[in-house]
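I opened my notebook to look into a new model today. Here is what I looked up, step by step.

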Amino acid sequence: MVYKKPVRISKKQVQLCYLLDELYDQVNVVIHDAVLSRASNRLSVIEDAAKEVERISKEMQQHVDSMRRKRTE
């Protein structure tokens, strides 16, 4: 029997997973409203969700950048 050490997940990794879930949800909103919705304000809803996707992706970029190891020169 091979014993494997449990994997430690940092707070930053948990936060990254949360952001990925949030991004996934917003992308699904955009797709749903773009394809299936027949509401009169469909384009406004798509635009709002797309802005939220952009905000989340920028936050993810900053978060990933903070997770990188800093090189010392």
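My entries on this model follow.

**Ground rules.** I am working with a predicted model, where local features need pLDDT of at least 70, side-chain atom pairs count only at pLDDT 80 or more, and totals for chains, interfaces and linings use all residues. Residues are numbered from 1 along each chain as its sequence is written, and side-chain values use heavy atoms, with hydrogens and water left out.

**Helix α1.** I took helices as DSSP runs of H or I, at least four residues, numbered from the N terminus. I checked the length of α1 (residues 11-35): its 25 residues should span 36 Å at 1.5 Å a residue, and its end C-alpha atoms are 36 Å apart, which agrees. The expected span is 1.5 Å times one less than the number of residues.

**Buried side.** Which residues of α1 are buried? I found L16, L19, E22, L23, V30 and D33; buried means under 20% relative accessible area with a 1.4 Å probe, protein chains only. Their cover includes α2 (42-67).

**Core.** I looked up the largest nonpolar core and noted six residues: L16, L19, L23, V53, I56 and M60. Such a core is a set of buried Ala, Val, Leu, Ile, Met, Phe, Trp, Tyr and Cys residues joined through side-chain atoms within 4.5 Å.

**H63.** This residue lies in helix α2. I see why H63 counts as buried: its relative accessibility is 13%. Leaving out residues up to four places away in sequence, H63 touches K12, Q15, L16 and L19; contact means heavy atoms within 4.5 Å.

Note on methods:
Helix = DSSP H or I, 4+ residues; strand = E, 2+ residues; numbered from the N terminus. Buried < 20%, exposed > 50% of the residue type's maximum accessible area, 1.4 Å probe, protein only.
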